[in-house]
Amino acid sequence: MKHLKSVNQKAARIERATEPHDVVALQRGSLPQTPHFPIGCSLVFSPGWEADRTGGTAGLCQPVERDLFDCHIGCYWPAQVPDQLNHAPDWTAKCAAAQKDWRKIDLIFP
Amino acid sequence: MTTSARQGPEERVSGSPRSAPQHAEQRRSGTPRWVAREHHRFEAAGKPFVYLVPSAAVFGLDETADVILRRVSERPHTRDELSAALDDVDSRSNLDSTLAELSRVRAIREIDAAPEPQPKIIPLAPFPLTTMVLNVTNQCNLSCEYCYEYGEDKIVDTENGKQPKFMTEETAQQSVDFMLRESGGNKVAHVTFFGGETLLNFPVLVKTIAYARQRAAELGKEVDFSLTTNATLLKPDVIEFLAQNRVGVTISIDGPKEVQDKFRVFHNGAGSYDIVAPKIKELLKRHRSRPIGARVTLTSGKMDVRRIYRHLTEDIGFWEVGFAPVTTSPNRRHAISENGYDEMLAQFRDLAFEFLEAAVENRHHGFSNVKETLEELHKGISKAFPCGAGLGLMGVATDGDVALCHRFAGSDVHKFGTVRDGVDRSAQLAFLEAHHIANKTDCHTCWARPLCAGGCYHEAHTRYGETTRPNLHYCNWIRGWTDVCLQVYGALSERNPGFLAQFDRDS
């Protein structure tokens, strides 16, 4: 910073934490050295919508019904699925394997 | 010169209330207006600085940043208004980059930015215990009028109450086991012996230290010992033991004879100075393994902080002297009045600047109040709770009841279990929930809250009957003292930054 000078430890930490970063594409070969948290499903190990786990597009999404479970279970994003804790605990009870049984998932009306 | 700004609605920031149509026009035109976030501006070594709230970051400001910050503290400004306020072309060309930096460190914000809620994060349990204060007795051979344990404001009946007057060896050993168990992953546990007059139970103290050393060694830990005493019982064999065992010693003493003898008296009313002074000198001569400090209680009447300091360091020979205003209800003879706090601040300021000049030349100065605050400022500590009581520090009463801190030991107010059954986690959690700074709405507009967080629980309990209350009777004093310490800190950062590096090593 040019106009402010970090004097105490906290100021130095704030300066480091707010250091501006360039926007980078996920497909780029090497990631920035500082911690980098991409937004989206490629954050988890299942293939996402933008890029597969290798950074390419060949192994992109599994069938749409697989996404349902990915969002529902593996992701912090609140997917639009029924409330399994309170309202509809058994809505996937008949669906043992999503790719085969997805038609058996219950329809839930709020 | 120092100025402060508060976060929140614009009308609280400045003296020019915003009118709705004017605001609507600003929005339509899309011109952002800048306002200051909570901060405290101060000057040191002729330069401007800012202390940011709640982050507790300290930044030095260049001229452009200083002008901008002062302007937006008065009232909201657009970029064009700020440009007009800057004197020269150079400053104007720096306007955008300065606004970006001030905004980046959260010194300023656009007026339309949504206000941020007070975060309320309760530390995860089990929080490791760092310090256990062991009240080995609740009896005392002095009867200081202002004593919170014996005086008119006491919260525990030490004469007819349920607690034994002396802690037994068994309870002390159970306390050590409790301490080592609750210290979690910490390598070092601190045990402070306290009273009453601690040395009235010297035999148990001796045995407890031996037991603690042995148990800690078995667990691969270390225990550090300290005690507080009024010095009346410092006999040669006691001094020898304390020196050999590297026990840290804090002496409660109020100053020269006439000051000490005013309140620190024996049961028959006789002053204690003539008894304690030679014993303290003996202690200081023999006990060189740890720095020995004096702890002064400041009361009503003529306060002469510098004279007390001189006497205790130069005439008696203490390495450090710490001062604390007496904890009391407002109507007591020894209570400090509103004016008394101003007088105390003026004297603390003198002594703090004396500390500064010593620190600039790398000389030792024993005014411990300023050193403790400097360390907190250097680390940028921003507290959710005023002190470690109920978190890393707990007090143990003579019967083994675990209390919020030593001042509550033996009281049913904020009892946190017993040394035998462990910490009552639900009581601890309820306490932390109720005492978080987010609950103290009076503090939410105060720039000194990162350091104060509402002040001592015991003080609040004595003054207002509620530990949850912030200590509003000394807000001006806290802000004044924090400002003094910031000035000393800023000056040191310019004149001898090497002095502050000692706090980097400690962290």
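# A walk through chains A and B

B:His414 lies in the loop between strand 15 (401-403) and strand 16 (415-418) of chain B. Strands here are DSSP runs of E with at least two residues, helices are runs of H or I with at least four, and both are numbered from the N terminus. This is a predicted model, in which local features need pLDDT of at least 70 and side-chain atom pairs count only at pLDDT 80 or more, while totals for chains, interfaces and linings use all residues. Residues are numbered from 1 along each chain as its sequence is written, and chains are lettered from A and ligands numbered from 1 in the order in which they are written.

Stay with B:His414 for a moment. Its phi is near 60 degrees, a positive value in a residue other than glycine. B:His414 is buried, with 24 other C-beta atoms within 10 Å. A residue is buried if 20 or more other C-beta atoms lie within 10 Å of its own, exposed if 12 or fewer, and partly exposed in between, with C-beta atoms placed from the backbone. Now look at B:Ala45, in the loop between strand 3 (39-44) and strand 4 of chain B. B:Ala45 is not a glycine, yet it has a positive phi of about 50 degrees. B:Ala45 counts as partly exposed because it has 15 C-beta neighbours inside 10 Å.

Next comes the sheet. Ten strands of chain B form an open sheet in the order 13-12-11-10-9-8-14-15-16-17, with mixed pairing. Two strands pair if DSSP finds at least two bridges between them. Strand 13 (320-325) and strand 17 (422-423) of chain B are the edges, each pairing on one side only. Strand 8 (residues 131-135) of chain B runs parallel to strand 14 (residues 393-396) of chain B, and four bridges join them. There, B:Met132 stands opposite B:Met394.

Move along to strand 10 (residues 222-229) of chain B. It is parallel to strand 11 (residues 248-252) of chain B and joined to it by four bridges. B:Ser226 faces B:Gly248 in strand 11 of chain B as its opposite residue. Strand 11 of chain B also pairs with strand 12 (residues 293-298) of chain B, in the parallel sense, over three bridges.

Helix 9 (residues 236-244) of chain B has a neighbour too. The axes of helix 9 and helix 11 (residues 273-286) of chain B come within 10 Å and cross at roughly 35 degrees. Such axes are lines fitted to C-alpha atoms, for helices over the stretch in contact, and angles run from 0 to 180 degrees between N-to-C directions. B:Ile239, B:Glu240 and B:Ala243 in helix 9 of chain B meet B:Glu282, B:Leu283 and B:Arg286 in helix 11 of chain B. Contact requires C-beta atoms, placed from the backbone, to lie within 7 Å.

Turn to chain A. Its elements run β-α-α-α from the N terminus on. Of its 110 residues, 12% count as buried. Where do the chains meet? The contact takes 22 residues from chain B and 13 residues from chain A. Strand 1 (residues 4-6) of chain A pairs with strand 5 of chain B in the antiparallel sense, over three bridges. The bridge partner of A:Ser6 in strand 5 of chain B is B:Phe59.

Two peptide bonds end the tour. A cis bond joins B:Val53 and B:Pro54, with omega about 5 degrees. The bond from B:Gly195 to B:Gly196 is cis, with omega near 15 degrees.

How values were computed. Two residues are in contact if their C-beta atoms, placed from the backbone, lie within 7 Å.
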